[in-house]
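Subject: Structure for you to look over

Dear colleague,

My notes follow below it.

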Amino acid sequence: MDITPLIPSGRQIVKGYGDGGFTISGIRWEGSVLVLPDRTQAWGPAELSQVTEESLSPILSLPERPRLLLLGCGQRMALVPNTLRAALRQAGITLELMDTGGACRTFNVLVSEERSVAAALIAV
């Protein structure tokens, strides 16, 4: 019995992370990235203290924002300022914090379920 989740066509899947970047749907990305179900883009923050409302503007400016944003904090999960969490909540986005590896795995599962999700992943 094959239990591999079926990935909808055209969806981004994080295949690997580490060594300062990610492999997403067959493409190697150096540094941090923003991953949406249908595309990936480079992202500036190299550490959690650089994650701001401004750095997340590519997500906040989407006409159809994801309902959930997974924030891969690096080696371990940490907290963000309440003001950032409030700004995302006001935009209708729930923020989930976890280490980058956990965020990659969770993103893949939620994309396979066709959930409304995005990931902001700090490279490790």
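The radius of gyration used here is taken over C-alpha atoms, and the rule for a globule is 2.2 Å times the number of residues to the power 0.38. For a compact globule of 124 residues that rule gives a radius near 14 Å, and because the protein chain has 14 Å, the two agree. Please bear in mind throughout that this is a predicted model, and that every value in this message was computed from it.

**The chain as a whole**

Along its principal axes, the C-alpha trace of the protein chain spans about 45 × 30 × 20 Å. The protein chain holds 3 helices and 8 strands, and, read from the N terminus, these elements follow one another as β-β-β-β-β-α-β-α-β-α-β. Of the 124 residues, 46% are buried.

**Helix 2**

Which residues of helix 2 are buried? In this helix, which covers residues 82–90, they are Leu84, Ala87 and Leu88. Because these residues cover an arc of only 95° around the axis, they lie on the same side of helix 2. The buried residues of helix 2 pack against helix 1 (57–60), strand 6 (68–72) and strand 7 (94–98), whereas the face turned away from the buried side carries the exposed residues Asn82, Thr83, Arg89 and Gln90. Helix 2 is followed by Gly92, and the phi of this glycine is positive, near 85°.

Strand 6, one of the elements that the buried residues of helix 2 pack against, contains Leu70. With a relative accessibility of 0%, Leu70 counts as buried, since the cut-off for that class is under 20%. If neighbours within four places in sequence are left aside, Leu70 is in contact with Glu96, Met98, Ala103, Thr106, Phe107, Leu110, Val117, Ala118, Ala119 and Ala120. Between Leu70 and Val14, which are 56 residues apart in sequence, the C-alpha to C-alpha distance is 13 Å.

Ser55 is placed in the loop between strand 5 (39–42) and helix 1, and at 17% relative accessibility Ser55 also counts as buried. Neighbours within four places in sequence aside, the contacts of Ser55 are with Trp43, Pro45 and Gln50.

**Arg28 and Asp19**

Arg28 is found in strand 3, which covers residues 27–30, and its relative accessibility of 38% makes Arg28 partly exposed. Leaving aside neighbours within four places in sequence, Arg28 is in contact with Gly18, Asp19, Gly20, Gly21, Phe22 and Thr23. Arg28 and Gly16 are 12 residues apart in sequence, and their C-alpha atoms are 9.0 Å apart in space.

Asp19, one of those contacts of Arg28, has its place in the loop between strand 1 (14–18) and strand 2 (21–24). Asp19 is exposed, with a relative accessible area of 76%. Most residues other than glycine have a negative phi.

**Glu114**

A positive phi, of about 60°, is also found at Glu114, which is not a glycine either. Glu114 lies in the loop between helix 3 (100–112) and strand 8 (117–121), and its relative accessible area of 55% makes Glu114 exposed. Not counting residues up to four places away in sequence, Glu114 touches Pro8 and Arg11. Glu114 and Pro37, although 77 residues apart in sequence, are 8.3 Å apart in space, C-alpha to C-alpha.

With kind regards

Terms used. Residues are numbered from 1 along each chain as its sequence is written. This is a predicted model: local features need pLDDT of at least 70, side-chain atom pairs count only at pLDDT 80 or more; totals for chains, interfaces and linings use all residues. Side-chain values use heavy atoms; hydrogens and water are left out. Buried means under 20% relative accessible area, exposed over 50%, partly exposed in between (1.4 Å probe, protein chains only). Helices (H or I, at least four residues) and strands (E, at least two) are DSSP runs, numbered from the N terminus. The arc is that of the directions from the helix axis to the C-beta atoms. Contact means heavy atoms within 4.5 Å.
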